[in-house]
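User: I would like a close look at one part of this protein. Please keep it brisk.

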Amino acid sequence: YDIVLVSVSRLSKEYTSLDSKLGELRQLCRCYSRGHEQCCCRDRWSEAACRSPLLCVHWKRLIVDEGHIMSSRNTVRVLMAAYLIAERRWICTGTPTHNLVHASLAAPGLRPADDSSDAAPQQPAERRNPVSARESSSDFLQLGLLVTKFLRMDPFARSTSAWTSTMVGPYKHGDAGARRRLRALMQSIMVRNRPETVVGEVQLPPLYERVVSLRPTRMQALTYNTIAAFFHINAILTEREGRDYFFHQDNRKHLRQLVANFFHACSWFPVSQKHIRDGISNSEAALDLCARGEKHYTPGDISLLRCSIAELKRAANDPGWLYAVLADSAAYRVSGIPQKLGNGLLALPEPKMASSTNTAIPSYLATSVQLLDIAARAKDMLITADDGLPPLHTNLDPRSFEDLQSARVHTCICSKVTYLVDCVRRYAGDEKCIVFVSSQSDAALVDDALRLARIPRLLYVNAATSQKERRHNITTFSTSTWFNVIVMDVHLAAYGIDLSAASRVWFMSPIWQPARERQAIKRAHRLGQRRPVHVETLLTEGSVEQALWARRQELAGDEGCAVPRDIEEDGKMRGVISNAGFIDGDDAAAPDLGIPVLPRAVRYPELLRHKYNMWCDGPAGDAKMPFSKTKRLVLRLHAAAATAPPPAADSGTTADTH
């Protein structure tokens with residue numbers, strides 16, 4: 001054969017360690033102790049010597065698709081690819097590194113090597129090394145493994161220290177020639193397909209991208225403001241120095257988690273009530289010390305501290321918000337739940353007005369788990385037997401069933417979820433949709449909402465599905481007519497997946513790394529796509545998400561500047577997070593979903609309706625009318641007559657008396 005196609009997983013199974021000492025293999029004979037009648041060491045030596053047939057061929061060219069996976073260190077697939085004998089080695093990838101390629105190329109496309117000296121104008125000193133030390137270390141390690149282990153370029157393949165001394169060290173120290181050497185290296189080993197070239201040669205359907213800024217709900221704003229208050233209180237009480245300060249250099253790991261929680265709060269994040277109480281008490285104690293002259297704060301810090309205390313107290317005194325943060329998932333505003341099924345739900349003070357009768361309908365706050373449980377319990381309450389007896393007290397009367405049929409889920413406390421479910425319900429019938437999330441909490445939030453809306457969906461997230469299930473879900477999504485929605489972790493789904501069947505894409509939150517976002521979009525907007533692709537990125541209005549998006553656009557316009565791997569490593573974003581302002585919420589801005597709590601296919605049993613007509617006074621199904629005393633007495637007498645023994649002849653009691 002001229003061409004052999006092998007999957008990466010199958011290639012990994014061909015690997016056998018070449019470091020085993022074959023000469024000592026015969027000296028470690030254990031054949032007889034294992035019950036063999038003769039020594040099998042020669043067979044074992046022969047099997048070790050005759051390895052994979054792929055190693056017995058001198059290949060002209062080795063091509064690895066999504067070849068950035070070859071930048072791993074000492075994995076089975078990397079070692080097997082290194083053992084293959086190939087004259088030429090190719091890597092096909094959209095992202096060889098996150099930043100170094102863009103940082104080393106001052107222009108959007110590659111120039112000829114002889115023009116490289118004129119292509120790089122002198123930059124200010126503060127911009128000559130725009131990549132941070134941590135970022136450059138990670139990217140240089142990735143690029144170095146590709147150059148030394150896979151491509152085997154001299155002199156780096158012969159000496160690992162040559163790569164460090166020639167490329168890594170000078171670049172980190174801001175050497176003027178380091179950027180030119182990196183650019184020359186990339187120009188010698190990389191063939192880059194520029195976007196304008198691809199557009200000119202391959203006609204793809206149009207791509208429409210837009211940013212949707214959504215007003216947060218009142219409870220969503222309370223959550224966001226509590227996290228912002230924590231940052232302000234920490235900065236003021238630590239006087240912005242010391243190891244207790246969030247932005248101290250020793251707190252990078254904790255700061256990364258705090259920043260992640262801050263961005264989670266733009267959707268929904270369950271804040272600990274203990275942290276709120278501690279924040280209020282510590283802030284009030286600091287103000288008392290300042291009033292006694294033992295602590296000195298600026299007037300601006302005192303004002304900011306009082307505002308932070310007020311925001312924390314607003315959240316701590318809001319019963320709806322406290323109910324929502326104690327739940328496992330985001331809460332929803334519902335109306336029309338019968339009292340018999342509304343136990344455990346939080347009744348809201350403002351009822352919803354019915355448009356037809358202009359009457360007040362009780363409104364509740366409930367989680368998706370509670371609402372799905374109500375629907376399941378309602379189905380169980382409709383079960384009855386044809387025994388002629390009254391309905392059980394656990395049965396659901398016809399009037400309560402009618403109320404439950406009219407019960408609706410109106411909005412979620414997260415405006416993003418409300419908007420997303422509204423859009424998916426509108427498009428999922430005719431188009432396939434992808435929802436990209438950047439965290440497991442967002443994945444659970446979207447999954448619960450789609451389950452509540454009874455929209456068939458598939459998951460491609462790390463925590464919920466195995467690798468085998470994820471591969472199966474990709475195939476099912478591309479071929480099935482039933483599953484038109486898939487929820488994907490952008491960190492897992494951005495590379496090496498064909499989702500050209502989808503034409504609607506949503507990002508639940510902005511992605512900091514532009515390369516990862518472009519790769520995620522290209523899962524749908526690629527060869528094989530026949531429909532226009534619409535991409536929407538959801539932002540919370542007035543939050544740090546808008547600042548992140550603006551900062552990312554600013555970095556994209558600066559051709560010589562790279563995007564740090566983590567948000568908190570960017571100087572401007574650190575300033576935005578540390579000085580984040582409070583936002584206002586608006587519950588009226590979200591659309592009304594109108595999702596039925598009870599599935600439309602559920603019908604009231606005629607047998608149960610007949611029982612209520614027979615055993616209830618008043619109109620059929622009036623649950624407030626008790627069973628009449630006469631009918632209950634008749635029922636008891638019939639039951640007693642059926643079970644009582646016949647009277648004895650000498651009992652001294654006449655039949656009439658009895």
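Predicted model: local features only at pLDDT ≥ 70, side-chain atom pairs only at ≥ 80, totals over all residues.

In what sense do strand E3 (residues 207-214) and E14 pair, and over how many bridges?

Analyst: Residues are numbered from 1 along each chain as its sequence is written, and side-chain values use heavy atoms, with hydrogens and water left out.

E3 and E14 pair in the parallel sense, over 8 bridges. Pairing here requires at least two bridges found by DSSP between the two strands. Strands (E, at least two residues) and helices (H or I, at least four) are DSSP runs, numbered from the N terminus. Within this pair, Leu 207 stands opposite Val 533 in E14.

E14 spans residues 533-540. Of its 8 residues, 7 are buried. Buried means under 20% relative accessible area, exposed over 50%, and partly exposed in between (1.4 Å probe, protein chains only).

E14 has another parallel partner. Strand E13 (residues 502-507) is joined to E14 by 4 bridges. Here Val 505 is the residue opposite Val 535 in E14. From E13 the chain crosses through helix H21 (residues 514-521) to E14, a right-handed β-α-β crossover. Right-handed means that, with the strands pointing away from the viewer, the path from the first strand over the helix to the second runs clockwise.

Now the helices H10 (residues 218-237) and H11 (residues 252-264). Their axes come within 10 Å and cross at roughly 150 degrees. That makes H10 roughly antiparallel to H11, a label for angles over 145 degrees. Axes are lines fitted to C-alpha atoms, for helices over the stretch in contact, and angles run from 0 to 180 degrees between N-to-C directions. H10 makes the contact (heavy atoms within 4.5 Å) with Tyr 224, Ile 227, Ala 228 and Phe 231. H11 contributes Leu 255, Leu 258, Val 259 and Phe 262. The residues of this contact divide into 8 nonpolar, no polar and no charged.

Next, a loop residue. Ala 590 lies between helix H23 (571-578) and strand E15 (595-596). Ala 590 counts as buried because its relative accessibility is 18%. Leaving aside neighbours within four places in sequence, Ala 590 is in contact with Thr 411 and Thr 418. The C-alpha atoms of Ala 590 and Pro 216 are separated by 8.7 Å, yet these residues are 374 apart along the chain.

Finally, the whole chain. It has 25 helices and 15 strands. Buried residues make up 45% of its 658 residues.

Key:
Parallel < 35°, antiparallel > 145°, perpendicular 65-115°, else oblique. Nonpolar A, V, L, I, M, F, W, Y, C, P; charged D, E, K, R; others polar.
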